[in-house]
Protein chains: 2
Amino acid sequence: MSQKPKTAISPTREENYPEWYQQVVKAAELAENSPVRGCMVIKPWGYALWENIQHLLDTEFKKVGVRNAYFPLFIPKSYLEKEAEHVEGFAKECAVVTHSRLEADADGSLVPASPLEEPLIVRPTSETIIGEVYSKWVQSYRDLPLLINQWANVVRWEMRTRLFLRTAEFLWQEGHTVHATQEEAVAFTEKILHLYADFVESALAIPVIRGRKTASERFPGATDTLSMEAMMQDGKALQSGTSHFLGQNFARASEIKFLGSEGREEYAWTTSWGVSTRMIGGVIMAHGDDDGFICPPRVAPSHVVILPVIPKEEQREAVMDYCAKLKTELEGKLYFGLPLRVELDDRDIRGGEKSWGWIKKGIPLRVEVGPRDMEKDSVFMGRRDQGPKEKNSLRRSEFVDTVESILDSIHDALFARALAFQKERTQTVVSKEELYAFFEKEEHSGFALAHYHEDPEWVERLQSDLKVTARCIPLEQGEPAPCIFTGKSSAPLTVFAKAY
Amino acid sequence: MSQKPKTAISPTREENYPEWYQQVVKAAELAENSPVRGCMVIKPWGYALWENIQHLLDTEFKKVGVRNAYFPLFIPKSYLEKEAEHVEGFAKECAVVTHSRLEADADGSLVPASPLEEPLIVRPTSETIIGEVYSKWVQSYRDLPLLINQWANVVRWEMRTRLFLRTAEFLWQEGHTVHATQEEAVAFTEKILHLYADFVESALAIPVIRGRKTASERFPGATDTLSMEAMMQDGKALQSGTSHFLGQNFARASEIKFLGSEGREEYAWTTSWGVSTRMIGGVIMAHGDDDGFICPPRVAPSHVVILPVIPKEEQREAVMDYCAKLKTELEGKLYFGLPLRVELDDRDIRGGEKSWGWIKKGIPLRVEVGPRDMEKDSVFMGRRDQGPKEKNSLRRSEFVDTVESILDSIHDALFARALAFQKERTQTVVSKEELYAFFEKEEHSGFALAHYHEDPEWVERLQSDLKVTARCIPLEQGEPAPCIFTGKSSAPLTVFAKAY
């Protein structure tokens with residue numbers, strides 16, 4: 001006889017973390033693999049989460065003067081080739097368009113026809129095509145800074161894909177800015193990193209380490225890459241947003257020049273920065289539990305689900321009426337700048353099944369309302385950050401009046417839990433032996449902090465011995481110290497981890 | 001000596017309408033041709049217009065229960081082939097992905113490598129790939145209706161392109177719904193047409209004729225195509241949105257079947273519907289004048305620009321301070337559900353140049369503020385629906401208090417003007433001679449209404465003799481009458497026009 005699992009998701013995180021992840025994505029109806037290899041279908045519940053992320057980030061972008069625009073999906077092969085490191089980084093896995101028509105062959109089956117003079121690459125990122133356009137837009141220092149973002153799809157032909165984390169096609173935003181001076185471009189690169197990190201902490205409830213990539217981990221063509229690294233519940237790092245200072249590399253490749261205020265022609269300084277649907281993978285892995293997804297309230301597709309409890313058919317109308325009024329009342333309230341999003345689940349299925357469905361989907365608040373609650377003018381509330389059976393009766397008016405602060409307290413609890421987990425799994429190590437011991441001791445290891453000067457030999461050894469990489473050099477640094485591998489003096493403290 | 005043109009745009013609409021259009025798009029900084037053949041760059045001012053269109057439409061979609069999702073960019077060739085008319089309609093011009101890598105050849109230049117087993121088509125529309133996914137999602141009548149939309153880019157390899165109107169890549173939304181009964185699917189197709197048409201009239205200030213396509217103009221694979229047709233200022237029709245009843249054609253092609261409430265397995269009924277960035281071309285051509293773009297207020301990227309007038313340098317601070325306060329005050333107001341969008345143009349260029357720049361961009365309201373206005377606590381206001389020199393002095397408080405109704409009156413004026421133009425250029429004709437005379441009499445002809453039964457010979461003749469097509473059979477019909485071409489009885493009244 002098979003025993004019913006005690007948790008809604010099987011396997012649990014402990015039993016098999018990668019498989020747990022796939023099962024949560026499925027049970028929460030966030031996304032699924034499509035019939036096209038490597039491409040995903042983002043389902044309505046997952047897409048609504050992305051829309052909320054877009055809305056909040058877009059509002060922040062606009063506050064710092066960034067405007068949206070849209071650039072072509074296709075990049076001529078010759079453009080990609082303009083920056084040597086860049087083409088090296090992207091040519092190995094890209095979708096190549098070679099024909100512009102399908103035509104019936106002798107057998108009547110359709111084959112590609114009308115070959116293009118020059119192949120086109122489906123954008124893996126848009127520095128080169130946007131650089132070409134900017135070279136015409138930027139003429140004088142008066143045209144600067146140029147601060148533009150696009151929301152778009154991109155394609156990188158990944159061989160091993162995982163929903164949200166690594167897919168051939170994904171959705172993202174890519175900002176591309178042009179500045180008159182190096183100082184201004186560097187400052188803007190940092191401003192965006194902090195904008196990203198503040199967003200991830202305040203909206204997604206995920207603590208991050210703000211840092212700088214080592215040379216071997218930089219974006220292909222960048223002078224400096226800033227990133228934020230978050231710890232997942234298996235102790236691995238997820239890079240969830242990067243901001244690149246591109247120096248004059250792309251300005252030279254695309255001839256972005258301007259006439260300075262003193263009449264001299266100069267190359268401009270550019271930046272680029274992006275976050276993608278990968279972030280959703282991070283949210284799942286940072287907060288989810290063995291009962292499914294836990295959605296941080298500020299980006300939740302819906303905040304509250306009302307579950308009518310109808311013991312007798314003749315009570316249906318009264319209960320539904322009460323629930324509908326509660327829904328309207330809640331929808332009149334604002335949370336995080338937008339109207340509260342409320343579901344009323346009137347499906348004709350068993351109450352337990354219904355409730356578990358919403359737990360797996362990670363909705364922050366479940367509210368049961370039946371005749372007995374109505375008599376007391378109260379609701380029976382469950383919070384997703386607490387156990388499925390921990391439910392409280394609240395006066396209806398109290399619930400309505402305080403729902404925003406209840407949601408905030410869920411946000412705070414999720415953040416505190418994730419931060420405690422990160423701190424517990426982070427250790428400073430002072431020798432290579434300690435570093436090896438840290439990563440060899442168990443499967444789910446965490447972050448090791450060590451003083452380090454990047455060294456090609458050690459990049460290679462750490463990767464092959466431990467599958468560990470230097471994730472970032474935190475922006476906040478104490479005193480430098482000798483490198484634990486090479487003994488070279490004045491090495492900054494660096495975060496090491498296994499990574500997604 | 002060259003004479004300065006009397007209008008900001010040269011040529012005028014009268015002189016050369018197609019070239020006037022290109023010049024308006026350029027002068028208003030809405031979009032430009034990209035270095036990739038057939039693909040456009042949508043510039044920030046044009047993209048903001050699209051964002052506002054998206055926001056308003058998306059809100060309406062959600063009100064009728066539609067949720068957003070995202071499906072793959074690529075469609076396997078075999079999927080496209082599943083529906084015969086469909087592949088016929090799209091195979092002739094499509095972007096075909098054949099390789100997944102670039103590799104250096106003997107000369108060191110990069111060439112496509114790693115050929116795909118099956119070519120992928122960049123989606124020209126997504127019925128086939130979404131149908132495949134739906135065939136798994138839909139199992140029982142309880143899963144219906146399924147109402148989903150996606151905002152996405154699509155590619156059709158058009159040979160002759162024009163910014164917004166016809167480009168290889170464009171942005172759109174495509175809704176795809178599944179229903180249990182024919183009646184429900186037909187009703188939903190109609191509901192969306194009216195949603196579209198109400199939006200175009202109430203937000204874009206463009207009057208449209210709601211109708212049904214004749215068989216030869218239907219979407220490839222559709223049973224019935226509803227469309228809205230708008231008249232441009234050259235008398236041509238622009239189809240600015242379509243809603244298709246697909247019958248069971250795509251359900252059969254993709255095996256979308258469900259178990260009915262009585263336990264019988266049945267094919268489902270599907271619909272699809274879309275509007276695209278083409279709509280922006282319609283807005284330009286419906287409202288623009290010889291001074292540039294005129295943006296309908298409810299989707300305007302910005303509603304008001306404040307233009308500080310600073311005769312003496314020592315007055316700068318006081319004027320700028322006054323203007324900044326006015327901006328803050330205006331931004332606190334709501335228009336059409338969103339905060340008022342206000343620009344303060346403090347660029348250091350001549351006032352005339354500045355003002356003309358905003359006229360060409362089509363901003364609904366310009367407000368000049370100088371020391372003399374400040375003394376009277378008044379502003380000097382110009383409306384874009386009126387001549388550039390027709391400006392009025394208004395008390396500041398009156399302007400702030402009534403700005404929403406001023407914007408509404410601009411909307412009403414634009415709509416009334418477009419409707420009067422459409423009526424003036426629409427004529428009922430009762431014989432083929434009259435129809436020929438109507439379209440031969442001048443370049444900018446308009447709409448001819450005639451009773452008509454579609455006939456392949458006449459489709460061909462009207463196209464070759466007059467470049468005229470049947471645009472739609474209006475939903476509102478009077479008494480039928482004999483066809484003016486064939487004499488067959490009971491022909492519906494049909495709109496004929498030259499079309500974009």
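Trainee: Which strand is joined to β19(A) by 5 bridges, and do the two run parallel or antiparallel?
Mentor: That is strand β15 (residues 304-308) of chain A, and the two run parallel. This is a predicted model, in which local features need pLDDT of at least 70, side-chain atom pairs count only at pLDDT 80 or more, and totals for chains, interfaces and linings use all residues. Residues are numbered from 1 along each chain as its sequence is written, while chains are lettered from A and ligands numbered from 1 in the order in which they are written. Strands here are DSSP runs of E, at least two residues, and helices are runs of H or I, at least four residues, numbered from the N terminus. Two strands pair if DSSP finds at least two bridges between them.

Trainee: What is the bridge partner of A:Leu307 in β19(A)?
Mentor: A:Glu368.

Trainee: And which way does β20(A) pair with β19(A)?
Mentor: Antiparallel, over 4 bridges; β20 of chain A covers residues 378-383. In that pair A:Val367 stands opposite A:Met381.

Trainee: How many residues of β19(A) are buried?
Mentor: 5 of its 5, for residues 365-369. Buried means that 20 or more other C-beta atoms lie within 10 Å of the residue's own; exposed means 12 or fewer, partly exposed is in between, and C-beta atoms are placed from the backbone.

Trainee: Which residues sit on each side of the strand?
Mentor: A:Leu365, A:Val367 and A:Val369 are on one side, with A:Arg366 and A:Glu368 on the other, and all are buried. In a regular strand the side chains alternate between the two faces of the sheet.

Trainee: Changing topic. How is chain A divided into domains?
Mentor: Domain 1 is 17-73 + 129-287, domain 2 is 299-418 and domain 3 is 426-497. The bounds come from an automatic or database domain assignment.

Trainee: How many residues does the contact take from domain 1 and domain 2 of chain A?
Mentor: It takes 17 residues from domain 1 and 9 residues from domain 2. Two residues are in contact if their C-beta atoms, placed from the backbone, lie within 7 Å. On the domain 1 side, α2 (44-63), α6 (182-203) and α8 (278-287) of chain A each supply at least two residues. α2(A) gives the most, with 6 residues.

Trainee: What is that side like by class?
Mentor: The side of domain 1 that touches domain 2 has 13 nonpolar, 2 polar and 2 charged residues. Ala, Val, Leu, Ile, Met, Phe, Trp, Tyr, Cys and Pro count as nonpolar, Asp, Glu, Lys and Arg as charged, and the others, Gly among them, as polar.

Trainee: Now the two chains. What superposes chain A on chain B?
Mentor: A rotation of 180° with 0.0 Å of shift along its axis, at RMSD 0.0 Å. The two copies are thus related as by a two-fold rotation axis. In chain A, the C-alpha nearest the axis belongs to A:Val97, 2.1 Å from it. The superposition is by least squares on the C-alpha atoms of residues with pLDDT of at least 70 in both copies.

Trainee: Why do you say the copies meet through the same surface?
Mentor: Because 100% of the interface residues of chain A are also interface residues in chain B.

Trainee: In what sense does β5(A) pair with β5 of chain B?
Mentor: Antiparallel, over 3 bridges. There A:His99 stands opposite B:Val96.

Trainee: Now chain B. How much of β23(B) is buried?
Mentor: 4 of the 5 residues of this strand (447-451) are buried, so the rest of the structure largely encloses it. β22 of chain B (residues 426-428) pairs with β23(B) in the parallel sense over 3 bridges, and B:Gln427 has B:Ala448 as its bridge partner. β25 of chain B (residues 493-497) is joined to β23(B) by 4 bridges and runs antiparallel to it.

Trainee: Last one: what does chain A average in pLDDT?
Mentor: 95, and 99% of the residues score at least 70. pLDDT is the predictor's confidence in each residue, from 0 to 100. The model scores ipTM 0.96 and pTM 0.96.
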